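The sequence and model come before the account.

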Amino acid sequence: MRSPRLPSARAAGAGAAVLAAAGLGLALALGALPPVPVRFDGIEDLPLPGGADLGDHPYTVTAEIADVLSLVPQAAVKVNDVAVGRVSAIELDPETWSARVTLTLNGDVRLPADAGARVEQSSLLGEKYVQLVAPARRGPADGARLADGDVIPVARTSRNTEVEEVFGALSLLLNGGGVNQLKTITRELNAALGGREPEVRSLLHRVDTLVTNLDAHRGDITRALDGLNRLSTTLAGRKKDIGTVLTGLSPGLKTLENQRGSLITMLRALDTLSGVAVSTVEASKKDMVADLKALAPTLTALADAGADLPESLQVLLTYPFTDEVMKGIKGDYLNTYLHLAAAPGTEVIPPLIPAAEPTPTPTPSPTDPKAPTSRRQGAASPLPLPALTPNDGGEHR
């Protein structure tokens, strides 16, 4: 007796498809589904089995990621490795050339407003998913939550290293990456440093001192860089003036270039002159020192004279009428008096010819205007001055 034959898997699948089509047609006929066309772009539109429960009130968040690797729609979204949502869509931002990943999360999931997103892999060859990460807090949270329509920027997104990248780096290291040269490098370093340990230690000590000093003066270095920045800004603002100056210097530089031979000759002559001057000073050094020592008393006396010397020069330049004499002048005339005195023992000799008797002259009346002034004043007529004969036998005067 033969056992009944079970239907094959292909036949069962075909039967299930027929039943699904029949059920869909019946639902459309009864009006249970809206009369809109159903869009189906591929199997990726179907939710994965065992996905996260989105609840009754899910909300949507957009994450901007520079590289999503092989992340696909319907991938899981996890928080602390617990699925809380799925990837709804992945689009390219035409401005930043980064991926805009739309995440649909369960409405009961509460995340801080500054949460980040990272693309990770479930295992070595597993699927990609998005991990939402809360930032490390250094203080109390402000209470803000990630809400519907929020955007996680590129600055708070990242990705894990791919297995292919690890294998590529390992391949580069093992195949021509320099592993076979480590022995040569080690041997050359030993040859360079062998026997020079004190010098290397001293070098490291000096480098440490230099770095310490640079660190201690980093404020000065920063100020110097800021000053250099200001100088560069000033020079950039006066670029036209600098260009004018450089253009004006060009003829002068050409003239100097044309007279380079004469300048070189002059400098050589100056060098020779300096040599002669130095030899002359060295030869006459003792005499010069002796002359300066001889001048010392004179200079000392002049210093002791003080203000007397300028005052004497002032009187000398106004001789014979000094400033003190001029103080005695009143008006426009200067009264001078001359006193003559004979030396003691001088003999007065009368004149050789006796003087004639003077003719009496009538005395004019005081009111006569024609009379001389001296006569009106009653002055006597001048007498002849007798000659003086000195006792020493000199000649008569």
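Which residue in S4 does isoleucine 65 stand opposite? Isoleucine 65 stands opposite alanine 99.

## Basis of the model

The model is predicted: local features need pLDDT of at least 70, side-chain atom pairs count only at pLDDT 80 or more, and totals for chains, interfaces and linings use all residues. Residues are numbered from 1 along each chain as its sequence is written, and side-chain values use heavy atoms, with hydrogens and water left out.

## Overall composition

The protein chain holds 11 helices and 10 strands; these are DSSP runs numbered from the N terminus, helices being H or I of at least four residues and strands E of at least two. Of its 397 residues, 13% are buried, where buried means under 20% relative accessible area, exposed over 50% and partly exposed in between (1.4 Å probe, protein chains only). Among contacts between residues at least 6 apart in sequence, 63% join residues at least 24 apart; a contact means heavy atoms within 4.5 Å.

## The open sheet

Eight strands form an open sheet with mixed pairing, in the order S7-S1-S4-S3-S2-S6-S5-S8. Strand S7 (151-152) and strand S8 (157-159) each have a single partner strand and stand at the edges, so one side of each has no neighbour in the sheet. Two strands count as paired if DSSP finds at least two bridges between them.

S1 and S4 are antiparallel over 7 bridges. S3 and S4 are also antiparallel, joined by 7 bridges, and alanine 89 has threonine 102 in S4 as its bridge partner. Further along, S5 pairs with S6 in the antiparallel sense over 6 bridges, with glutamine 121 opposite lysine 128 in S6. S5 and S8, in contrast, run parallel and are joined by 3 bridges; here alanine 117 stands opposite threonine 157 in S8.

S5 and S6 form a hairpin with 6 residues between them. S3 and S4 form a hairpin with 6 residues between them, and tryptophan 97 in that turn has a positive phi of about 55 degrees.

Serine 98 lies in the loop between S3 and S4. Serine 98 counts as buried because its relative accessibility is 5%. Its side chain makes a polar contact with the side chain of threonine 96 at 2.7 Å. A polar contact is a pair of N or O atoms within 3.5 Å; within protein, one must be able to donate a hydrogen and the other to accept it, and residues adjacent in sequence count only if both atoms are side-chain atoms. Leaving aside neighbours within four places in sequence, serine 98 touches Ile65, Ala66, Glu91, Leu92, Asp93 and Val154.

## Nonpolar core

The largest nonpolar core has 24 residues, of which Leu103, Leu105 and Leu132 touch the most other members. Such a core is a set of buried Ala, Val, Leu, Ile, Met, Phe, Trp, Tyr and Cys residues joined through side-chain atoms within 4.5 Å. Elements giving two or more residues to this core include strand S1 (59-65), strand S3 (82-92) and strand S4 (99-105). S4 is largely enclosed by the rest of the structure because 5 of its 7 residues are buried.
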